[in-house]
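This report is for a reader meeting the structure for the first time.

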Amino acid sequence: MASRGEKETDTLKRNLQEQLDRLMVQLRDLEELREDLDNDEYEETKQETIDQLKEFQESLSKMTQGNMSLVDEIGAMQLAIQAAVSQAFKTPEVIRLFAKREPGQLRSRLVELDKQVSIGGVSKDTATEQKVEILTALRQLGEQITPEEVHLLTQHSTAALNEFQRVSEELGSNVLAQAGSQVRDASSK
């Protein structure tokens, strides 16, 4: 019996995820190599990557209009792309984990940041900025956050993160949670 497009849909989803991963790795690599690049080269390369993300987001928008079976997963990817483009999230690793809907790894990253601060590997300000991004991503994924984490968000959230949160709520607050549950269901089959 025919798969009725299931195989093709799975291939498309995998290709979309690979494309998103490639762009997130490109952003991460750019940040890691920032000191090795002159400012113009860095800004030009970053803008090219953001333009590629915008084009990718436009493609996803067109797909959601024509294939409703992919709406939730593409919606999650669109939110991740929007976060990158709007620069709400400055940490490519957080964007990547957010797009893949991996709250456990985001939580692990929070613990890792505390360790890095204690050994002097990361400044407290940088760690706080990344923690706020991670907590915003966790909240958007429908994860519970502690009162202390809510306080940290309240104290340190940026205008870009607040705007991202507002827009994602307009798109449907449960888009990512629903997409994440579908991915978990599919992977358990």
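## Salt bridges and core

At 26% relative accessibility, Arg107 counts as partly exposed. The model is a predicted one. The side chain of Arg107 meets that of Glu149 in a salt bridge, with 2.5 Å from N to O. Glu149 belongs to helix α7 (residues 147-156) and Arg107 to helix α5, so the pair ties together parts that are 42 residues apart in sequence. Glu149 counts as buried because its relative accessibility is 14%.

A search of the whole structure finds 6 salt bridges. The table lists some of them, including the pair just described.

| Pair | N to O distance |
|---|---|
| Glu149 and Arg107 | 2.5 Å |
| Glu112 and Arg109 | 2.8 Å |
| Arg28 and Glu32 | 3.7 Å |

Glu112 and Arg109 both lie in helix α5, 3 residues apart, which is about one turn of the helix. Glu112 is partly exposed, with a relative accessible area of 38%, whereas Arg109, at 15% relative accessibility, counts as buried. Elsewhere, salt bridges with shared partners join Arg28, Asp29 and Glu32 into one network. Within it, Arg28 and Glu32 both lie in helix α1 (residues 6-32), 4 residues apart, about one turn of the helix. An α-helix has 3.6 residues a turn, so residues three or four places apart point the same way. Arg28 is partly exposed at 28% relative accessibility, and Glu32 is exposed at 57%.

Which residues have the most contacts inside the largest nonpolar core? They are Leu106, Ile134, Leu135 and Leu138, in a core of 16 residues. Helices α4, α5 (103-118) and α6 (124-140) each supply at least two residues of this core. The largest share, 6 residues, comes from α6. In soluble globular proteins, nonpolar side chains tend to be buried together.

Helix α4 (residues 92-99) has 7 of its 8 residues buried, so it is largely enclosed by the rest of the structure. The buried residues of α4 are Pro92, Val94, Ile95, Arg96, Leu97, Phe98 and Ala99. After α4 comes Arg101, whose phi is positive, near 55 degrees.

Glu48 counts as partly exposed, at 40% relative accessibility.

Terms used:
Residues numbered from 1 in each chain as written. Predicted model: local features only at pLDDT ≥ 70, side-chain atom pairs only at ≥ 80, totals over all residues. Heavy atoms only, no water. Buried < 20%, exposed > 50% of the residue type's maximum accessible area, 1.4 Å probe, protein only. Core = buried A, V, L, I, M, F, W, Y, C linked by side-chain atoms within 4.5 Å. Salt bridge = Lys/Arg side-chain N within 4 Å of Asp/Glu carboxyl O.
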